[in-house]
Amino acid sequence: MSRIGKLPITVPAKVEIKISDDTVQVKGPKGELKQKLVGGISVIIDGTTLTVERATDGKQHRALHGLYRSLINNMIIGVSQGFTKQQELIGVGYKASTQGQLLDLVLGYSHHFIFEIPAEVKVSAKQDKGQPPMILLESADKQLLGAVAAKIRSFRVPEPYKGKGIKFTNEVLRRKAGKSAAKK
């Protein structure tokens with residue numbers, strides 16, 4: 001049996017879970033999320049405990065057992081606490097500003113990047129004196145949040161020599177030494 005899939009999920013008091021034919025719907029203070037289930041994976045609620053079970057020990061069902069348990073667990077955490085991602089803009093003249101759901105980025109190119117953030121994700125930008133500009137993303141949907149953060153990062157991926165670009169705050173970059181031929 002899957003080590004992840006067999007773990008029970010405790011449901012917080014503020015979270016409502018509805019299970020219809022092949023859909024799990026989770027509602028909480030931070031929002032509402034849905035997940036469609038494939039055949040052979042079932043969800044059972046017993047009081048405040050939720051378990052995910054599979055129909056057979058076939059390869060496909062074993063592969064999906066832990067996946068759906070993790071997806072449902074992330075949905076429950078998302079609607080009760082939410083998820084956040086922080087990104088830093090490292091580089092001279094790099095700036096970020098927001099107007100509603102539009103993120104305006106100045107990344108050293110001849111043009112601005114204007115990126116429309118989905119409505120489910122809350123975005124803000126801040127600039128503290130002496131610190132690099134920061135982009136703060138918040139959402140109940142972990143998958144969507146990660147996809148939006150990856151798209152923003154793709155506008156200027158950090159380079160390995162000076163580290164210029166958009167990086168996550170907890171990310172450690174591999175740095176390379178520069179040219180050493182001129183030291184003769």
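Modeller: Let me begin with a residue that counts as buried, since its relative accessibility is 0%, and that residue is Gln-87. Please keep in mind throughout that this is a predicted model.

Colleague: In which strand does Gln-87 lie?

Modeller: The contacts of Gln-87, leaving out residues up to four places away in sequence, include Pro-133, Met-134, Ile-135 and Leu-137, and also Ile-166, Lys-167, Phe-168 and Thr-169. The residue itself lies in strand 7.

Colleague: Does Phe-83 count as buried or exposed?

Modeller: Phe-83 has its place in strand 7, which covers residues 83-90, and beyond four places in sequence its contacts include Asn-74, Ile-77, Gly-78, Leu-137 and Leu-145. The cut-off for a buried residue is under 20% relative accessible area. Because the relative accessibility of Phe-83 is 16%, the residue counts as buried.

Colleague: What separation do the C-alpha atoms of Phe-83 and Pro-133 have?

Modeller: Phe-83 and Pro-133 are 50 residues apart along the chain, and their C-alpha atoms are separated by 20 Å.

Colleague: Turning to the open sheet, which strands stand at its edges?

Modeller: The sheet is made of 3 strands with antiparallel pairing, in the order 1-6-5. Two of them have a single partner strand each, so one side of each is left without a neighbour in the sheet, and these are strand 1 (9-10) and strand 5 (41-46).

Colleague: What angle does the direction of helix 1 make with that of strand 6?

Modeller: Strand 6, residues 49-54, runs antiparallel to strand 5 and is joined to it by 6 bridges, with Glu-53 as the bridge partner of Ser-42. Helix 1, residues 59-80, packs on this sheet and touches strand 1, strand 5 and strand 6, and its direction makes with that of strand 6 an angle of about 160°.

Colleague: Which residue takes a positive phi in the hairpin of strand 8 and strand 9?

Modeller: Strand 8 (residues 95-99) and strand 9 (residues 102-106) run antiparallel and are joined by 5 bridges, and Gln-99 stands opposite Leu-102. The hairpin has 2 residues between the strands, and the residue with a positive phi, near 65°, is Gly-100.

How values were computed:
Residues numbered from 1 in each chain as written. Predicted model: local features only at pLDDT ≥ 70, side-chain atom pairs only at ≥ 80, totals over all residues. Heavy atoms only, no water. Pairing = 2+ DSSP bridges. Helix = DSSP H or I, 4+ residues; strand = E, 2+ residues; numbered from the N terminus. Contact = heavy atoms within 4.5 Å. Axes fitted to C-alpha atoms, helices over the stretch in contact; angles between N-to-C directions. Buried < 20%, exposed > 50% of the residue type's maximum accessible area, 1.4 Å probe, protein only.
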